[in-house]
Amino acid sequence: MSRSANSVLPRLAVVGNPGNRRVALFQDAVRSAGLPDARVVSWLEVLRGEAAFLPGERVRIESPGEDAEVERLLRGVDDPTRVEGSARWYARFTSAVRDVARAAKAAGAVLLNDPDDISVLFDKRLCHGVLDAAGVPVPDSPTSGPSAAPVRGWADVRELMAGHRMPRVFVKPAHGSSASGVLAVETAGPGRVRATTSVERDGGGLLFNSLRVRRCTTEQEVAAVVDALAPDGLHIERWLPKASQRGRVADLRVVVVAGRATHAVVRTSRSPMTNLHLGGARGDLDEVRSAVEAAGGSWDAALAVCERAAACFPETLCVGVDLLPATGWRRFAVGEVNAFGDLLPRLTGLPGSGAEGLDTYAAQVAAVLSNNEEQLRNERARNESARNGGVRDDRAVAAL
């Protein structure tokens with residue numbers, strides 16, 4: 001992107017964990033754009049009430065993950081692999097984000113992520129309700145929106161599955177991420193229940209995240225996990241049959257920057273969870289586009305679904321949309337929208353997206369610069385209009 005000779009470059013700040021790979025990738029993008037390093041405000045500073053910002057700074061709020069002390073302060077547990085405590089984490093995290101917003105506003109800084117959007121994005125029930133109300137295709141859910149009754153345990157899950165004719169569902173912690181605590185539950189008659197999950201339960205009944213996907217084969221085992229998760233809040237969605245690529249189920253993570261789908265990666269797996277850290281693998285995006293077109297669908301329409309989902313959060317620069325292709329590759333639904341869904345190292349932009357050759361972080365920096373240029377042009381236009389108006393007014397007075 002070319003810059004005018006009198007451009008005033010924006011100053012950037014990032015709220016994150018120093019040394020974290022997300023912060024490092026963002027800094028690389030900032031430097032590549034010819035900007036000075038973004039000023040890092042640590043999550044520990046935020047949680048201690050010590051965060052401060054500068055006038056005019058553009059402030060990126062980054063994930064607080066992958067720091068044991070930050071996790072302890074947010075979740076209230078010493079072991080970062082623990083699953084329980086997500087409701088406490090959510091309350092403390094969203095409170096901290098609001099503290100950032102207040103400090104930024106007081107200093108005259110500008111946020112690139114909206115605190116209200118973040119609060120919705122980290123509550124799967126609220127996010128599903130917002131998407132559904134906007135007409136974005138989503139899996140059916142009996143727990144969608146703020147008015148849905150809470151799920152108190154396995155008995156409620158079984159009742160909702162039966163009442164809504166959902167023999168296969170995903171049961172998700174309302175405030176989880178990275179498939180933490182997720183169960184893919186299947187029923188086939190009374191007492192015949194099994195679930196696929198990465199949750200492991202120790203002898204004392206505590207739940208831990210594992211990198212190994214496992215199978216719970218009895219209703220008693222599934223009920224014990226669900227009952228342990230329920231106090232933190234649960235969200236239930238119909239398990240949609242997904243398309244496959246080379247014998248593996250497939251979905252997509254699509255990154256939307258400034259309202260435009262810029263990056264996409266195919267995720268494939270032999271289990272219902274396609275997360276790459278759980279054994280999922282990147283698939284072939286060209287094959288997906290070809291499959292969609294061969295089925296009579298539209299790749300552009302699929303990306304448009306992601307852009308419609310992102311449009312529900314217009315004050316947030318970037319989101320990651322989990323796009324679920326139905327069997328046959330013609331229809332798509334949105335599984336989740338992620339506030340920090342841009343960690344896709346070395347992935348460059350889609351053809352025609354305006355982000356060709358840029359990774360997800362560089363695309364966001366470019367969007368900030370583009371917005372800055374537009375603001376400067378508008379300001380110059382207003383100033384010019386005021387000057388011209390002043391001249392006309394002076395002449396009109398002289399004529400009198």
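These legends describe close-up views of a predicted model. Residues are numbered from 1 along each chain as its sequence is written.

**View 1. An open sheet with parallel pairing.** Four strands run in the order E2-E1-E3-E4, and the pairing is parallel. Helices (H or I, at least four residues) and strands (E, at least two) are DSSP runs, numbered from the N terminus. Two strands pair if DSSP finds at least two bridges between them. Strand E2 (39–42) and E4 are the edge strands, each pairing on one side only. Helix H1 (residues 21–32) packs on this sheet and touches strand E1 (12–16), E2 and E3. The direction of H1 makes about 170° with that of E1. Axes are lines fitted to C-alpha atoms, for helices over the stretch in contact, and angles run from 0 to 180 degrees between N-to-C directions. Contact means heavy atoms within 4.5 Å. Strand E3 (residues 58–61) and E4 pair in the parallel sense over 2 bridges. Val59 stands opposite Leu111 in E4.

**View 2. An open sheet with antiparallel pairing.** Here 5 strands follow the order E8-E7-E6-E5-E9, with antiparallel pairing. Strand E8 (207–216) and strand E9 (234–238) stand at the edges with a single partner strand each, so one side of each has no neighbour in the sheet. From one strand to the next, the twist averages 25°. Strand E5 (residues 168–173) and strand E6 (residues 183–187) pair in the antiparallel sense over 4 bridges. Ala184 in E6 is the bridge partner of Phe170. Helix H6 (residues 124–133) packs on the sheet and touches E5 and E9. The direction of H6 makes about 45° with that of E9. Helix H8 (residues 219–229) also packs on the sheet, touching E5, E6, strand E7 (193–201), E8 and E9. The direction of H8 makes about 50° with that of E7.

**View 3. The crossing of H7 and H8.** The axes of helix H7 (residues 154–163) and H8 come within 8 Å and cross at roughly 110°. That makes H7 roughly perpendicular to H8. Angles under 35 degrees count as roughly parallel, over 145 as roughly antiparallel, 65 to 115 as roughly perpendicular and the rest as oblique. From H7, Trp154, Val157 and Arg158 meet Glu219, Val222, Ala223, Val226 and Asp227 in H8. This contact of H7 with H8 has 5 nonpolar, no polar and 3 charged residues. Ala, Val, Leu, Ile, Met, Phe, Trp, Tyr, Cys and Pro count as nonpolar, Asp, Glu, Lys and Arg as charged, and the others, Gly among them, as polar.

**View 4. The crossing of H3 and H4.** Helix H3 (residues 68–75) and helix H4 (residues 86–107) have axes that come within 7 Å and cross at roughly 100°. H3 is thus roughly perpendicular to H4. Glu71, Arg72, Leu73, Leu74 and Arg75 in H3 meet Ser86, Arg88, Trp89, Arg92 and Phe93 in H4. By class, the contact of H3 with H4 has 4 nonpolar, 1 polar and 5 charged residues.

Terms used. This is a predicted model: local features need pLDDT of at least 70, side-chain atom pairs count only at pLDDT 80 or more; totals for chains, interfaces and linings use all residues. Side-chain values use heavy atoms; hydrogens and water are left out.
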